[in-house]
Amino acid sequence: MIHCFSAGKEAIAVNEKLLIVDDEKGVVDMLKSYFEMRSFQVYTAHDGKGALKQIAHNPDLVLLDINMPGMDGLTVCENIRDYISCCLLYTSPSPRDGLLS
């Protein structure tokens, strides 16, 4: 469970473990930096197989991209649901999707 306390206007996590999984290195780097500044212990993976290996760290929360090549986020979620209670799935447009100009 993520426990937060208020420090001014911003809630800060207290050494919680977070796994970020995305095939876009820039997205992983940005999220990692953001959460490390807020005292999260951050683990990362760039594909589904890497995510399955990182589950050994027993993260409190997983931020998981749905659209990844190979093993997609939904498949990863199905494989880790016995090991973790909270998995947030997300997707963002990427240049390879043809959605950005």
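Tutor: Helices (H or I, at least four residues) and strands (E, at least two) are DSSP runs, numbered from the N terminus. This is a predicted model, in which local features need pLDDT of at least 70 and side-chain atom pairs count only at pLDDT 80 or more, while totals for chains, interfaces and linings use all residues. Residues are numbered from 1 along each chain as its sequence is written, and side-chain values use heavy atoms, with hydrogens and water left out.

Student: In what order do the elements of the protein chain run from the N terminus on?

Tutor: The order is β-β-β-α-β-α-β-α-β, with three helices and six strands.

Student: Which residues of H1 are buried?

Tutor: Buried means under 20% relative accessible area, exposed over 50%, and partly exposed in between (1.4 Å probe, protein chains only). An α-helix has 3.6 residues a turn, so residues three or four places apart point the same way. In H1, the buried residues are Val-28, Leu-31 and Phe-35. Viewed down the axis of H1, its buried residues fall within an arc of 75° (taken from the directions from the helix axis to the C-beta atoms), so they line one face of the helix. Exposed Lys-25, Gly-26 and Met-30 sit on the face turned away from the buried side of H1.

Student: What covers the buried residues of H1?

Tutor: The cover, judged by contact (heavy atoms within 4.5 Å), includes strands E3 (17–21), E4 (41–45), E5 (61–65) and E6 (87–90).

Student: Which residues form the largest nonpolar core?

Tutor: In soluble globular proteins, nonpolar side chains tend to be buried together. A nonpolar core is a set of buried Ala, Val, Leu, Ile, Met, Phe, Trp, Tyr and Cys residues joined through side-chain atoms within 4.5 Å. The largest one here has twelve residues, including Leu-19, Tyr-43, Ile-55, Leu-64 and Ile-80. E3, E4, E5 and helix H3 (73–80) each give two or more residues to this core. Apart from it lies another core of nine residues, among them Leu-18, Val-28, Phe-35 and Leu-63.

Student: How many salt bridges are there?

Tutor: Side chains of opposite charge can pair when their charged atoms come close. A salt bridge is a side-chain nitrogen of Lys or Arg within 4 Å of a carboxyl oxygen of Asp or Glu; by this rule there are two. One joins Lys-25 and Asp-29 (2.7 Å, N to O), which lie four residues apart in helix H1. Lys-25 is exposed at 52% relative accessible area, whereas Asp-29 is partly exposed at 37%. Glu-36 and Lys-32 form a salt bridge at 3.7 Å, N to O, and these residues are about one helical turn apart in helix H1.
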